[in-house]
Amino acid sequence: MENEDKILCNNKSKEIQQLVDMKEFYFEKLKILFQEFERYTINDEQLDKLLKQVKTKFSFEQFLLDNEALKEFILLMGKIIAMSDYHGYNKNQWNDYDDKRVIAKASIRQNNWVKNLLVYKKTNNLNNLSSGVKHFIEFIQQPSINLTQLSKKHRGLISKFLLNKTYDDETFFNDLKKYFENTSFNEYIRNLKNQQNLGVLLSFFLNCEEIKQIWNGEKKMIDENINYWLVGANWDSVDKTSEFLNENIWINGYESKYLDEVNAIKKGDMLAIKSSYTKSKNLPFENSGKTVSVMKIKAVGKVIDNMGDGKQIKVEWDKSFIPKEIYHFSYRNTIAKLDKKTKSNLIELVFYGKNQNYFFNHQVSSINQILYGPPGTGKTYHTINKAIEIIENRVVNSDENREELKKKFDEYKQSGQIEFITFHQSYGYEEFVEGLKAKTDGSGNISYSVENGIFKSLAKKAQNKECFYEGLVLNNYKIEKITQECLHIKKPNENILILPKHYIFLLVNLVKRDELTTDDIKNKKAIEYMPSNTEPYMINGYPNIIAKLVEFCVTNIREEHNNKNYILIIDEINRGNISKIFGELITLIEPSKRIGAEEEIKLKLPYSGDEFGVPKNLYIIGTMNTADRSIAQIDTALRRRFEFVEMLPKPSLLENVVIEDIEVSKVLEAINERIEYIYDKDHTIGHSYFLPLQKEKTKEKLDEIFRVNIIPLLTEYFYSDWEDIAFVLNNDFIQEKETPKYLQNTSRQLNKVYEINSNFTKEQYRAIYQANE
């Protein structure tokens, strides 16, 4: 926020002051109740009995009647819920506060509260709980470092719109505290009488109308009725910015270019004068000396008139504007209209004083990162963007051509700069780092040799100062080994060819100086340019492979070893046994332990005995499906060494998909809201399942997606608990089967059996979301 004194917080100011002056903990009664719950003696058999009774269709009153012997314990849970959740059962009687205060308007279903409290009582483990109840327990146990906002969805919105970063459960509280310490609210924080009330105080701040409008997306900076333009001001190598500001104008310096674009600028539109360049030093973030794109905003103003000649615009320039640099954006055209939907972040940075958070740059250059989220959220899809951003050190814009990006990705993969693997349960150290491989010769004799795994091979490529690397294949010739003086190349007939490296580099230099061509090498003319002591058969005997080696080297040779980034993409990283796969290398991938870092570490590998370290230009991108394994359950060593980037479902991508009055974005949004509250956010459903509907907008395709993808996924999530599935789909897609004729006369208690309806109607689809409207 630019001027924090404008935040008056009229709707919460009285409550905030009372809280600041309060000497006791705001939720002291609830804290005492929960401590009583933690001390209460109850055995696992009794807890299991209660857990079996907690179903989707749940009545707390009936739950009490059915368990008279455990009434005291159940009442204790009921009171905790009534003092925690605005929608808690029997709140008016069981909430002991006169003002009926609660921790949050959490909308956690009553059965979910009871189930999670029972699970916690049995296991004493927060990782087994849904996010809302987990956050409640964290708060009541340590209120000075936790918030009353229980919903992970709200925390995500606060992180995105207020803190301008991706939600991180471990840093969220401190990030928020630092944010408010830099505002006029800091006076309240400093004067707080009881530090246990700090979490409540920050939560009060978040509920100020001015603040809430920002994080819940109600406050829109961008005016939908105008357009936003970036323009240049450099004509004939002269910067005209000062002249334009003094005369309150902007002029198109071309005689016949951009006339239509200038005439399209309307009164009321916003204009910004910019210049684009690159920098590698004096950046406000660590970038290891690499070059980044920079756009300097020199002035902003409002259009007050357009002369209509394609040349001159009258502008009311903001004379108080301070020029600033924006990183990772570059517009080189003299005039550009910014798309309000895809470039909203840039518009806010340029025209509305939003501060650029360099967290995204950290994401781009983060050396170890994992994209995690529910199935169908585009994790593998986005590894292509991430890889190109890292290799080209830039931001991939959302409107870039997807086919071109994929083509680039494939080219980098073909050149050996990107490797893609998938972890699975049987994947091990031998495939990843190095291992022994048995070979049989023509006589049947078995020998063993050490073979490099994919990670070690890629690390050696990234570390290599030359253009070649072990494993490179050209014309069916494979470089098996590189020594200080020679290339050991396996020919198509399996024999080894040894080529002196200085011959190759001599030819490379001749080609680079245009004194020789690769065709000359193929035509056996290269020997004429070589020193007199060169072995003719060595050059003329293998012209095709030598020509290929020279051609490859001319294209890929590097002056320094670290100006080219390499990427290992590990799909389904959480499915592998991390300790077994990484072994001792789990330490070496840390940024501070890599080659060239201050705390550089190299280890001797067990099979080859090679001394091995991980270079700084080798990036690791993992993907993780949270429906398979929660982020809280993965290997602790892995969690500490990777940055986690959350990928969530985006129903907004489906806003334009309407089929027979069925709003598909609302279908997905409603399904996910129900899943989050009766299960958790890790098991929501991604938007990518529905993306085929953008091209094929038919109900038949929608039916196919539901039958083939959505319903089977829900069946897997809820272990065929059809009552939960029916709740998620609002009851209309499945039905209870009639009792078969052979079982109609039995006295035995039968299970309910369900089946999927043979036809889905458009009314059933609309009912999924219309129940919430």
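This is a predicted model: local features need pLDDT of at least 70, side-chain atom pairs count only at pLDDT 80 or more; totals for chains, interfaces and linings use all residues.
Take Glu-660 as the example. You'll find Glu-660 in the loop that runs between β23 (658-659) and β24 (662-663). Its relative accessible area comes out at 43%, so Glu-660 counts as partly exposed and clears the cut-off of over 30% that patch residues have to meet.

## A buried glutamate

Now for a Glu in another setting. Glu-646 belongs to strand β22, which covers residues 643-646. With a relative accessible area of 15%, Glu-646 is buried, because the label applies to anything under 20%.

The side chain of Glu-646 does have a partner: a polar contact of 3.0 Å links it to the side chain of Lys-681.

## The nonpolar patch

There's a greasy spot to look at too. Leu-436, Ile-446, Tyr-448, Val-450 and Tyr-607 form a nonpolar surface patch, and together they have about 520 Å² of accessible area. Strand β13 (residues 446-452) is the top contributor here, giving three residues to the nonpolar patch.

Leu-436 comes from strand β12, which spans residues 434-440. At 51% relative accessible area, Leu-436 is exposed, since that label needs a value over 50%.

Definitions and conventions. Residues are numbered from 1 along each chain as its sequence is written. Side-chain values use heavy atoms; hydrogens and water are left out. Helices (H or I, at least four residues) and strands (E, at least two) are DSSP runs, numbered from the N terminus. Buried means under 20% relative accessible area, exposed over 50%, partly exposed in between (1.4 Å probe, protein chains only). A polar contact is a pair of N or O atoms within 3.5 Å; within protein, one must be able to donate a hydrogen and the other to accept it, and residues adjacent in sequence count only if both atoms are side-chain atoms. Patches are made of residues with over 30% relative accessible area and no salt bridge: like charges are joined within 9 Å, nonpolar side chains (Val, Leu, Ile, Met, Phe, Trp, Tyr) within 5 Å. Accessible areas come from the Shrake-Rupley method with a 1.4 Å probe; for residues, only the protein chains shown count as cover. A salt bridge is a side-chain nitrogen of Lys or Arg within 4 Å of a carboxyl oxygen of Asp or Glu.
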